Each structure stands twice: as C-alpha cells, then as structure tokens.
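Hi,

Here is the structure I promised to pass on.

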Amino acid sequence: MNPSANPAALGPAAPYAGADTALAPQAWITRTPAFPPGGTGALAGLSFAAKDNIDVAGVPTTAACPAFAYTPMANAAVVQKLLDAGAQLLGKTNLDQFACGLNGTRSPYGAVPNAINPAYISGGSSSGSAYVVATGQADFALGTDTAGSGRVPAGLNNIVGLKPSKGLISARGVVPAAQSVDCVSIFARTVATAARVLEAAMGYDALDPYSRVLAMNGTALPAGFRFGVPSTLSFCGDALAEQAFGEAALRMRALGGVPVPINFAPLAEAAALLYESALVAERYTAVRDFFDAHEDAVIEPVRGIIAAGKQYSAADLYTAQTKLRALGQQAAAMWQDIDVLLLPTAPTHYTLEAMQSDPVTLNRHLGTYTNFVNLLDYAALSVPSSLRPDGLPFGITLVGLAGSDWQLAELGQRYHHATGLPQGALNEALPAPVALPGIQAPATVKLAVVGAHLSGMPLNSQLTSRGATLISQARTAPDYRFYALPGTVPPKPGLLRVAAGEGAGIALEIWEMPLQHYGSFVALIPAPLGIGTLALEGGGSVQGFVCEAHAVQGAEDITHLGGWRAYLASVSSLAPSAPAPA
C-alpha cells in the first residue's frame with residue numbers, strides 16, 4: 001500500500017456508520033442518561049464514557065466482577081476534572097475483569113466485539129471504552145493502561161489511544177491493577193480530541209501516591225527526526241500486519257523520519273517480567289482482601305493470573321525489580337540514537353473464537369509491543385495507520401521518554417492525517433488538523449528558492465533536513481534577469497535585479513524554515529550567491545537567493561525561459577540521443 005494512498009485505496013469502509021448500543025450492548029455496563037449535562041468549560045459539547053474500574057459518584061463500580069461491586073460517594077479525580085471542564089458523562093463501560101487482559105473477552109457481562117468486524121476481538125482490557133468511541137457513541141472515553149490496555153483496543157478499532165506518562169493523570173478513585181505502573185488512558189477518534197482531554201485531565205494530586213510533577217517537552221520533534229524500529233519483529237505469522245507495518249515505516253520516512261534499527265531484546269525481557277516474575281504479585285495485592293475471601297467469584301483465566309501473585313516472597317520481588325532496573329539501563333542506550341520509537345500496536349488480530357480457545361497464549365501475543373512501556377516509564381500514543389486488504393485496522397504506536405506526551409501528539413496527528421483514514425468505524429473523514437496544546441510553535445522564516453534548492457533538485461535536502469516545508473509557488477516581479485552560472489556544481493542559476501521594464505518574472509518556490517536552523521542553512525551558500533530581498537509579482541517581498549552582478553558577466557542569459565526547470569528541460573532536449581544498439 002502506498003503511504004500516501006487516498007481513503008478509497010485503504011480498504012473497505014467500516015459498516016457501522018450511525019451505530020448504536022444495539023450493535024454491542026455488552027460494551028456498556030451502566031448508562032447514566034440522567035447525569036448532569038456538560039457545562040461551558042474547555043470540553044463543553046463533548047461526551048464521554050468511563051471504564052468501569054473508575055469511580056463515578058452514585059454509580060456502582062464493578063471492575064467487571066459483580067461480587068466486587070461498590071457504590072462510591074465521590075468521583076474519581078480524573079472524572080471530576082472532566083466534568084468540571086464541561087464534558088458530559090454517558091456511562092460506564094465493560095472491561096476485562098479487574099483490568100486483567102488485552103483482549104476484551106474476560107468479562108461476565110460478555111465479550112466486546114471489534115467495531116469493524118464483530119467476528120474479531122475488540123482488544124482489552126478497556127474494550128467497552130474503545131468500542132463506544134469507535135462507533136461514535138461517545139466523543140472520547142477513559143480507559144486504564146497497565147500493560148497496553150489503552151493502546152491495543154485503539155489499534156484494533158481504528159481509533160487513537162493516548163497512554164500518558166505515569167503519574168500525569170491522577171489514578172485516585174481507580175481500582176488498581178498494578179498500582180505502581182497503572183495509567184488512566186484516553187480514547188478518541190482524533191489526536192486533537194485526545195490532547196484536549198489530556199490537557200483538562202492532567203495535574204498533580206497529592207492524594208495519589210504515584211502522582212508526580214513532570215517537566216513536559218513542548219518542542220516538536222526536529223526535522224530529520226530519528227525513529228527506532230526493532231531489528232527483528234514478530235507478527236505471529238500475520239503477513240498482512242507485517243505488510244502494514246512496512247507501509248507505516250515508509251510513511252514515517254515521508255514525514256521526515258530517519259529509521260534507526262534498535263535492539264528490542266531488553267524491551268522484550270522487561271515485558272516478560274510483568275507476568276512471569278514476582279512483579280505479578282502487585283496484581284494480587286491490588287485486590288487481595290476481596291480475592292482471598294471470594295476467589296470463586298473471579299473468572300478464569302483472571303483468577304489464575306491473580307492467584308499466581310501469592311507464591312512470591314519479598315526477596316523474589318526485589319530480585320525482579322533489580323532485573324527490571326538493569327534492563328531499563330540497557331534500553332536507555334537506544335535513546336542516544338533515536339527521538340521516538342515506532343512499533344506495531346498489536347502484532348495481529350484474533351477472532352473471538354480463537355481467543356476463547358487459547359486465552360492465555362494469544363493474549364500474551366497481543367502485549368508483545370506494549371507490556372514494557374509502563375515498566376520502563378515511557379509515554380506512548382497509538383494512532384490508526386491503515387485498513388488492511390481484509391478490512392481490519394492496523395495501528396502503530398509512538399513511544400517516547402516520560403514527559404514527551406505533547407511531542408508524541410504532534411507527530412501522531414501529522415501521521416494520522418497522512419493516512420486518509422475514516423474516523424473509527426464511521427464513514428466520516430478526519431477533520432482538519434489543529435494546533436495542539438502543549439506544543440510551542442517555533443519561530444520561522446520564509447525563503448524563496450529559484451534553482452538547485454527547488455523541490456526534487458540536488459540541494460533540496462538542505463531545506464528538508466532543517467524542517468523546511470514548501471508553502472507556495474510564485475514568481476518574482478518583472479524586474480529580474482536570470483542566468484545559468486558557468487562552472488557551478490551542481491549547476492546553479494543567478495538572479496539579478498535590474499531596472500523596471502528590463503526584466504521578467506521568474507518562477508520560484510517559497511519555503512518556510514524554523515528560525516533556529518536558518519543560520520546553518522545560510523552558512524552553506526557559496527559566493528557569488530547570497531540572500532537578499534526579492535520583490536514578488538503582484539506586490540510583497542520575501543527573502544531569497546540573489547547573485548552578485550560580476551558573476552553574470554559571460555553567463556548565459558536564460559530570462560526568456562522564465563525559470564530553472566524550463567531551462568533544464570531545454571538543455572535536456574538539446575542533448576544528443578544515445579546511439580541505438582547494433
């Protein structure tokens with residue numbers, strides 16, 4: 001698939017435009033139609049759902065375990081922030097029980113199907129939240145993410161899943177899964193909506209033991225950013241997923257990224273510790289009192305996973321934590337070579353039938369590229385990438401260091417809008433991208449080029465590698481003569497201003513470059529060329545390439561051709577043809 005393909009080439013549109021709860025009533029556990037409507041804050045006009053391990057005052061919190069249910073007196077801190085910002089709460093959504101799973105089938109309230117193809121899983125544990133966003137029933141939804149539960153359902157349902165840096169959003173009022181690595185996550189159909197919600201939801205909470213103040217990086221990634229790609233990748237035999245990820249890497253390159261192979265082994269080893277070491281004891285600790293008294297009320301395989309945490313000693317936990325720290329040190333080395341990590345959100349899709357026949361092994365596969373992220377204190381953003389030839393969504397995840405949330409959002413929005421995909425399971429095009437909160441717009445300078453720096457010309461990379469973007473094509477005022485300078489490598493023209501009426505308009509391109517890179521660009525310009533002010537056709541002016549008058553003595557005057565491309569075409573047409581083969 002071509003990375004710049006239009007929506008029609010990306011596979012069949014989802015069949016569920018205008019979907020309602022009748023499609024998958026099991027996506028909801030509790031509806032709250034009488035909940036107060038939204039106010040006039042930053043999120044006014046937006047509706048949302050909350051995963052049912054997040055407290056809403058007066059509404060039972062079940063964590064998908066009816067015997068565990070309780071009715072909280074207060075809203076979770078994050079729910080209160082969103083209500084205060086004007087969003088309207090619609091209800092509580094289904095989940096893998098106790099947020100233990102990545103597939104969306106581990107609930108007594110029923111398995112939540114995929115929003116695109118109901119024969120397939122939705123992904124979990126935040127299955128219901130992803131489904132109601134993908135089908136347009138809510139503008140955004142809250143999930144939780146310990147091992148990928150805020151990302152895998154996004155990738156499998158063609159929506160955005162924002163997993164913030166740990167401690168950025170308060171988890172007070174959230175039933176913990178593994179409290180030291182839990183995050184409240186955000187599902188939306190666009191990165192812009194997810195970023196708006198993050199801005200409203202984030203903030204230090206002294207009553208949350210894992211809340212923290214983070215220095216947020218608000219600078220967009222530089223031109224020629226470096227993205228890491230694992231040197232070896234597994235797609236569980238899914239050739240369509242492998243193909244889709246190859247196309248994703250090409251799209252990243254089209255956005256200015258430079259791929260860098262990375263060693264995925266330390267990340268994979270860290271991921272394995274989550275369930276295969278004493279770290280799993282934290283899952284038991286989260287619900288210990290209830291579990292010890294009501295173990296039979298917990299469904300399999302959740303029961304077996306939680307029970308496994310009982311077997312470890314404190315010494316075992318310290319051993320696992322030390323190993324995790326060592327792996328984190330190894331992984332830290334890759335950030336010297338990359339700015340962001342590019343991964344598949346999930347390596348493959350599974351049908352509901354397949355998942356229920358082998359729930360442990362297949363669930364583990366889904367966490368291949370997600371389980372390590374919170375353990376190593378990274379931020380992550382899952383964005384839609386393509387609809388495969390079989391119609392199933394494929395998503396990618398951008399991973400960055402803690403505090404890189406706004407950077408990931410800026411790149412993620414550019415990537416998502418380059419796909420041309422519809423929103424979720426709806427036949428609705430993406431809206432125009434918007435300025436994102438938290439990103440500082442860099443100062444820029446406009447620059448006109450007339451020769452070897454034009455798009456597709458030999459020196460154009462001197463612009464693109466500095467983050468310059470083409471913003472328009474234009475012509476000079478009719479006061480310039482244009483010359484082909486002799487002996488220049490690569491060939492270059494000279495533009496010379498003359499008296500009014502003695503020249504012509506010359507074709508040019510206007511580029512916009514971050515001011516911080518302008519000095520290094522100008523330093524590359526050899527004499528007799530330089531930067532001056534060019535008058536434009538129709539009025540106005542712009543900085544651009546000019547030439548010293550002495551350099552055009554004896555140079556070929558090509559003014560009549562009106563531009564450098566026309567001159568090169570004329571030279572090419574005059575070149576002798578190669579002799580025909582004998």
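Let's start with helix α1 (residues 77–84), where Ala77, Val78, Val79, Leu82 and Leu83 are buried; buried means under 20% relative accessible area, exposed over 50% and partly exposed in between, with a 1.4 Å probe and protein chains only. Helices (H or I, at least four residues) and strands (E, at least two) are DSSP runs, numbered from the N terminus. Before you go on, note that this is a predicted model: local features need pLDDT of at least 70, side-chain atom pairs count only at pLDDT 80 or more, and totals for chains, interfaces and linings use all residues. Residues are numbered from 1 along each chain as its sequence is written, and side-chain values use heavy atoms, with hydrogens and water left out.

What do the buried residues of α1 pack against? The partners are β2 (47–51), β3 (88–93), β4 (140–145), β6 (183–188) and α4. After α1 comes glycine 86, with a positive phi near 100 degrees.

Two of those helix residues turn up again in the core. Val78 and Leu82 touch the most other members of the largest nonpolar core, which has 58 residues. A nonpolar core here is a set of buried Ala, Val, Leu, Ile, Met, Phe, Trp, Tyr and Cys residues joined through side-chain atoms within 4.5 Å. Helix α4 (residues 191–201) gives the most to this core, 8 residues. Leaving aside neighbours within four places in sequence, leucine 82 is in contact (heavy atoms within 4.5 Å) with Leu43, Phe48, Ala87, Phe140, Leu142, Val197, Ala200 and Ala201. There is also a second, separate core of 38 residues, and it includes Val450, Ala477, Ala535 and Ala555.

Now the strands. β17 (residues 529–535) and β18 (residues 541–547) pair in the antiparallel sense over 7 bridges; two strands pair if DSSP finds at least two bridges between them. Isoleucine 531 stands opposite phenylalanine 545 in β18. The two strands form a hairpin with 5 residues between them, and glycine 538 in the turn has a positive phi of about 85 degrees.

Elsewhere, an open sheet of 3 strands runs in the order β15-β14-β19, with antiparallel pairing. Its edge strands, β15 (493–497) and β19 (556–557), each pair on one side only. Strand β14 (residues 480–484) is joined to β15 by 5 bridges, and tyrosine 483 has glycine 494 of β15 as its bridge partner.

A pocket is an open set of points on a 1 Å grid over the protein atoms alone, where a 1.4 Å probe fits, with protein on both sides within 12 Å along at least five of seven lines; lining residues have an atom within 4 Å of a point. Volume is the space filled by probe spheres set on the points.

- The largest pocket has a volume of about 860 Å³. Among its 32 lining residues, Ala220, Leu221, Glu410, Arg414 and Gly467 are the closest to its centre. The largest share of the lining, 4 residues, comes from β16.
- The second largest pocket has a volume of about 640 Å³. Of its 25 lining residues, Lys166, Ser180, Val181, Leu324 and Leu375 are the closest to the centre. Here α10 gives the largest share, 7 residues.

Cheers
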